[in-house]
Amino acid sequence: MLISKPEMKSMFHKVAELWAENKDYLSQIDSKFGDGDHGVTIGKISALIERKLSEWEDESMASFVMDLGDETMEIGGGSAGPLYGTMIGGMGEALEDMDSVDSDGLVGMLKGSLEAMEDITTAKVGDKTMMDALIPAVEAAVAAGQAGGDVMAVLTAAKEAAVRGAKESEQYISKFGRAKSYKEQTIGTPDAGAVSTSLLFVGLCDGFRES
């Protein structure tokens with residue numbers, strides 16, 4: 001069970017599909033304590049992914065993902081573009097020289113996304129950011145890989161942890177961005193970035209399953 005180009009296409013297509021379907025919901029969450037534009041930016045990234053997928057011909061998986069990260073970085077409308085560009089680019093760097101990806105390669109790809117993010121933010125679980133979903137997802141992926149899990153097992157573990165992390169962000173107080181000025185008022189509302197990150201992992205998992 002490997003991830004090669006067809007599977008990678010299906011995975012990113014599913015991410016784009018889920019982001020497009022949930023962009024209004026993401027903006028609704030973000031409007032409570034943020035700028036209200038998270039879903040708009042996520043919609044732009046979704047459209048970019050679909051365009052890049054339609055243009056993907058001879059590029060390697062690493063080149064495709066890194067190029068996608070670079071172009072995502074340039075999307076305006078708040079911090080989501082640079083943040084997701086960094087995260088996606090980190091995935092791509094870990095794919096260098098790979099024609100197909102096994103469970104170890106997948107774990108490396110997901111670890112690369114977290115390492116890239118840790119280079120630009122100090123946010124941890126509990127700070128009510130996208131890291132509330134990303135950190136648990138990668139930790140779960142690593143654990144599944146170490147337990148001998150295959151690609152599907154790693155993706156499923158990451159998906160479930162990301163969804164759980166996004167849900168748990170409801171109970172935290174915002175410590176970053178505009179929302180941090182609202183302090184305890186932010187309890188009860190999930191972080192929009194954590195939710196969109198959970199959708200990323202749901203898309204990667206479900207897209208592989210459908211490939």
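The end C-alpha atoms of residues 6–206 lie 14 Å apart, and this span is 69% helix and 0% strand. Helices (H or I, at least four residues) and strands (E, at least two) are DSSP runs, numbered from the N terminus. UniProt lists these residues, 6–206, as "domain: DhaL" in an unreviewed entry; UniProt positions follow the numbering used here, feature names are shortened, and annotations may be inferred rather than shown by experiment.

The model is predicted: local features need pLDDT of at least 70, side-chain atom pairs count only at pLDDT 80 or more, and totals for chains, interfaces and linings use all residues. Residues are numbered from 1 along each chain as its sequence is written, and side-chain values use heavy atoms, with hydrogens and water left out.

**First stop: helix α3**

Select residues 61–73. The 13 residues of helix α3 should span 18 Å at 1.5 Å a residue, and the end C-alpha atoms are 18 Å apart, which agrees. The expected span of a helix is 1.5 Å times one less than its number of residues.

Next, colour the buried positions of α3, which are M61, A62, F64, V65, M66, L68, G69 and T72. Buried means under 20% relative accessible area, exposed over 50%, and partly exposed in between (1.4 Å probe, protein chains only). To see what covers these residues, display α1 (5–33), α2 (38–55) and α4 (80–93), which are included in the cover. Contact here means heavy atoms within 4.5 Å.

Select R51, K52, E55 and E71, which are linked in a network of salt bridges. A salt bridge is a side-chain nitrogen of Lys or Arg within 4 Å of a carboxyl oxygen of Asp or Glu. By this rule the count comes to ten salt bridges.

Begin with R51 and E55, whose side chains meet in a salt bridge at 3.2 Å, N to O. R51 and E55 are four residues apart in helix α2, and so are separated by about one helical turn. An α-helix has 3.6 residues a turn, so residues three or four places apart point the same way. R51 counts as partly exposed at 37% relative accessibility, and E55 is partly exposed as well, with a relative accessible area of 44%.

Then turn to E71, whose side chain forms a salt bridge with that of R51 (2.8 Å, N to O). This pair links distant parts of the chain, with E71 in helix α3 and R51 in helix α2, 20 residues apart. E71 is partly exposed, with a relative accessible area of 26%.

Select residues 151–168. α7 has 18 residues and reaches 26 Å from its first C-alpha to its last, close to the 26 Å expected at 1.5 Å a residue. D150 caps the N-terminal end of α7, with a side-chain oxygen 3.3 Å from the backbone nitrogen of M152. A polar contact is a pair of N or O atoms within 3.5 Å; within protein, one must be able to donate a hydrogen and the other to accept it, and residues adjacent in sequence count only if both atoms are side-chain atoms.

The buried residues of α7 include V151, M152, V154, L155 and K159. Display α1, α5, α6 and α8 to see what the buried residues of α7 pack against.

Where does the side chain of K159 find a salt-bridge partner? The partner is D206, at 2.9 Å, N to O. The pair links distant parts of the chain: K159 is in helix α7 and D206 in helix α8, 47 residues apart. At 15% relative accessibility, D206 counts as buried.

Select D191, in the loop between α7 (151–168) and α8 (192–210). D191 is buried yet has no salt bridge, and the nearest side chain of opposite charge, K128, is 6.9 Å away. Lys and Arg count as positive and Asp and Glu as negative; His and the chain ends are not counted. A polar atom of the D191 side chain lies 3.0 Å from the backbone nitrogen of G193. Leaving aside neighbours within four places in sequence, D191 is in contact with I29, K128, T129, M130 and S169.

Move to K128, in the loop between α5 and α6. K128 counts as buried, at 5% relative accessibility. K128 has a positive phi of about 60° although it is not a glycine. Most residues other than glycine have a negative phi. K183, in the loop between α7 and α8, has a positive phi of about 50° and is likewise not a glycine.
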